[in-house]
Amino acid sequence: MYFLNKLNLYKDFKMALTNKYFSSLTQPLVMGILNITPDSFSDGGKFASFDNALKQVQKMIDDGVDIIDIGGESTRPGAVEVSEADELARVIPLLKAIKTNYDIKVSIDTSKAAVMAQSIEQGADIINDVRALQNEGCLNVLANSDVPVCLMHMQGLPRTMQNNPQYSDLIGDIKQFFIERIEACEQAGINQNRIILDPGFGFGKTLEQNYQLLAQLHKFDDLGLSILSGTSRKSMIGNLLERKVDERLAGSLTTAIIAAQQQAKIIRVHDVKETVDALKVLAITQKYQY
Ligand code: 9MG
């Protein structure tokens, strides 16, 4: 069942990302994180060289990844801003090399319209925007393409977002944000079939708020769109368990499984092999939940 569903997806990936296809998917896709920044919170600098980045692409493919998410600007709290020229210089040559040499879907993690536009030109399969297309020109770029887009919720800005985040109703406030961004997309000409939603774990949320969100991910189902969940190695795991970044695998896998049980359709992770294994175990047991 697990593999059959994936095979169906690959027939037409863009169509597959529409909610119609996702709703028939019993297991989520695994999105592997490839940060090509010198300062990301988990693997900062490790894949900043072209050769190391390509080796990591091959490793993730061997490990069973479905989508590779390339990021050229760190979004961790306090990260240095990157210029458009620098981000383009990091992302575009790597995207070209991957698209030339590998048969794998690529998502580009960016909030800059120019990076979105050039990435789409070079064959990017998804745009992943932690600012939900709110930056100048982004809606327009997506409207002129047929590429799916992930809209993430963030309260505040990366530099300050963890300073006492507050919600009057956590799920309701985030849902309201999604409704407004979906509306903005539709008005710009982006059909909601192309939209993936992400509550943005760790982006302006306390530890308790992050776990409430994880436990209640299904509450976004009534929006009728696919959900992406990204908890891998984040502080919500490190702070709860008092574990350093490289000691968060067990916590990351547990959150991935909970997200899958809550119907998330894409799980964004650093540890692809382990997540694929964990999801296979979940899949076989789900067959017998009747
Ligand atoms: C870029 N990035 C970092 N964390 C993320 C998350 O949780 N979701 C998405 N969509 N992107 C993220």
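These legends go with several close-up views of a predicted model.

The model is predicted, with local features needing pLDDT of at least 70 and side-chain atom pairs counting only at pLDDT 80 or more, while totals for chains, interfaces and linings use all residues. Residues are numbered from 1 along each chain as its sequence is written, and side-chain values use heavy atoms, with hydrogens and water left out.

**View 1. Helices α5 and α6 side by side.** Here α5 covers residues 84–101 and α6 covers residues 113–121; helices are DSSP runs of H or I with at least four residues, numbered from the N terminus. The two pack at an angle of about 15°, with axes 10 Å apart. Axes are lines fitted to C-alpha atoms over the stretch in contact, and angles run from 0 to 180 degrees between N-to-C directions. The pair therefore counts as roughly parallel, a label for angles under 35 degrees. The crossing of α5 and α6 is right-handed, meaning that the near helix is turned clockwise from the far one by less than a right angle. Glu84, Glu87, Leu88, Val91, Ile92 and Leu95 of α5 make the contact with Ala114, Val115, Gln118 and Ser119 of α6, where contact means heavy atoms within 4.5 Å. By class, that comes to six nonpolar, two polar and two charged residues. Ala, Val, Leu, Ile, Met, Phe, Trp, Tyr, Cys and Pro count as nonpolar, Asp, Glu, Lys and Arg as charged, and the others, Gly among them, as polar.

**View 2. Helix α4 against α5.** The axes of α4 (residues 50–62) and α5 come within 11 Å and cross at roughly 40°. That makes α4 oblique to α5, the term for angles left over once roughly parallel, roughly antiparallel (over 145) and roughly perpendicular (65 to 115) are taken out. On the α4 side sit Phe50, Ala53, Leu54 and Val57, and on the α5 side Pro93, Leu94, Ala97 and Ile98. This contact has eight nonpolar residues, with no polar and no charged ones. The crossing of α4 and α5 is right-handed.

View 3. Helix α12 (residues 272–286) packs against α11 at an angle of about 40°, and the axes are 10 Å apart. The two helices are therefore oblique to each other, and their crossing is right-handed. Leu249, Leu253, Ala256, Ile257, Ala260 and Gln261 in α11 meet Glu274, Thr275, Ala278, Leu279, Leu282 and Gln286 in α12. Eight of these contact residues are nonpolar, three polar and one charged. Leu253 lies in α11 (residues 249–261) and touches Glu274, Thr275 and Ala278, leaving aside residues up to four places away in sequence. Leu253 and Ser232 are 21 residues apart in sequence but 7.8 Å apart in space, C-alpha to C-alpha.

**View 4. The largest cavity.** About 40 Å³ of space lies in this cavity, and the count of cavities of 30 Å³ or more comes to one. A cavity is a set of points on a 1 Å grid, over the protein atoms alone, where a 1.4 Å probe fits but cannot get out; points are joined across faces, edges and corners, and the volume is the space filled by probe spheres set on them. Lining residues, with an atom within 4 Å of a point, are Glu73, Thr75, Glu87, Asp109, Thr110, Ser111, Val130 and Arg131. They divide into one nonpolar, three polar and four charged.

Definitions and conventions:
On a 1 Å grid over the protein atoms alone, a cavity is a set of points where a 1.4 Å probe fits but cannot get out, and a pocket is an open set with protein on both sides within 12 Å along at least five of seven lines; lining residues have an atom within 4 Å of a point.
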